[in-house]
Amino acid sequence: MILFNDTQVSIEHFPDGTQRIHLDVDKAGDSNIKWLYQNDEELASLIYITKHFRDKCSCKLNLWLIYVPNARMDRTHNSYEVFTLKHFAEVINWLNFDQVKILDPHSNVTPALLNRCTTMDLGKIISGVMDKVEKDTGEELVLYFPDAGAHKKYSEMFPERRSCYGQKHRDWDTGKILGLEIETNGIDLKNKVVLIIDDIVAYGGSMHFGAEKLLELGAKEVYAYCSHAEMSVLDEEKGTLLKSLKAGDVKKLFTTNSIYRGESPYIEVISL
């Protein structure tokens, strides 16, 4: 989904599948494009819209790329692997936006590759979630992060908060999580309300196993936040986090509208 100055751009198709786009920018002035990623075809739409704006207007144009496609492919290990994030960033840089805003990139590689890139205030978003949960429960939260890397990344935003993190055990042939241990940092988790925080969730295995272990250690309630929830989180067969939500092991998942387009009584969406 692409919005131009907060209005969704209507993208139709000719019989051969090519795009037909109508967009009046003659009186637009300085403008913003917001890309709420749904599929790779939208990259072509973004190119057409941006080039049309440049042809018609000499004003500033900013891109809100809240979720960055290809962010997981932030490095390669073999010569035959395509470095898709690098090449995606090259296309965005070629479009020469005056500013590119992103939210909670998967790693520092993403903002390093994008020109004139700034990150949205993630701390404000998560603080809003924490305030809501604490108001609803009347309890001070303990923060939990799925691994040591996430702990370092997020705990620095909230140094005053008590936090702990998981150490996952994986089958490296299949990628499946076999279990985990929690580094409690000396926190007694008994009767605590815990908020799990992560950047991207697909099926939610890390959150599922984390919640399971937190409850084993005596946590009273578990909530979860991720910046980017893929639609696969609702998969009835593979969605392990969905099973936790339905069972009440995780009370609610909070996420933004960066890529999530579903409706679920278990998921609360934060519109950006």
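**Figure 1. Span and faces of helix α4 in the predicted model.** Helix α4 comprises the 16 residues 122-137, helices being DSSP runs of H or I of at least four residues and strands runs of E of at least two, both numbered from the N terminus. Its end C-alpha atoms are 23 Å apart, which agrees with the 22 Å that the helix should span at 1.5 Å a residue; the expected span is 1.5 Å times one less than the number of residues. This is a predicted model, in which local features need pLDDT of at least 70 and side-chain atom pairs count only at pLDDT 80 or more, whereas totals for chains, interfaces and linings use all residues. Residues are numbered from 1 along each chain as its sequence is written, and side-chain values use heavy atoms, with hydrogens and water left out.

Figure 2. L122, G123, I125, I126, V129, M130, V133 and E134 are the buried residues of α4. They cover an arc of only 165 degrees around the axis, which puts them on the same side of α4; the arc is that of the directions from the helix axis to the C-beta atoms. An α-helix has 3.6 residues a turn, so residues three or four places apart point the same way. K124, K135 and D136, on the other side of α4, are exposed. Buried denotes under 20% relative accessible area, exposed over 50%, and partly exposed in between (1.4 Å probe, protein chains only). The cover over the buried residues includes the strands β9 (141-145), β12 (193-201), β13 (221-229), β14 (253-256) and β15 (267-270), together with helix α5 (148-155); contact means heavy atoms within 4.5 Å.

**Figure 3. The two ends of α4.** At the start of the helix, the backbone nitrogen of G123 has a side-chain oxygen of D121 within 3.3 Å. A polar contact is a pair of N or O atoms within 3.5 Å; within protein, one must be able to donate a hydrogen and the other to accept it, and residues adjacent in sequence count only if both atoms are side-chain atoms. G138 follows α4 and has a positive phi, near 70 degrees.

**Figure 4. Helix α1 and its cover.** Helix α1 (residues 41-56) has 16 residues and reaches 23 Å from its first C-alpha to its last, close to the 22 Å expected. Its buried residues include E42, S45, L46, I47, I49, T50 and F53. Among the elements that cover the buried residues of α1 are β1 (2-4), β3 (11-13), β4 (19-21), β5 (31-35), β6 (61-65) and α2 (84-94).

Figure 5. S155 is found in α5 and counts as buried, at 15% relative accessibility. A polar atom of its side chain lies 2.4 Å from the backbone oxygen of H151. Residues up to four places away in sequence aside, S155 touches F145, A150 and S163.

**Figure 6. D16 in the loop between β3 and β4.** D16 lies in the loop that joins β3 and β4. With a relative accessibility of 59%, D16 counts as exposed. The side chains of D16 and T18 are joined by a polar contact of 2.6 Å. E41 is 25 residues from D16 along the chain, and the C-alpha atoms of the two are separated by 14 Å.
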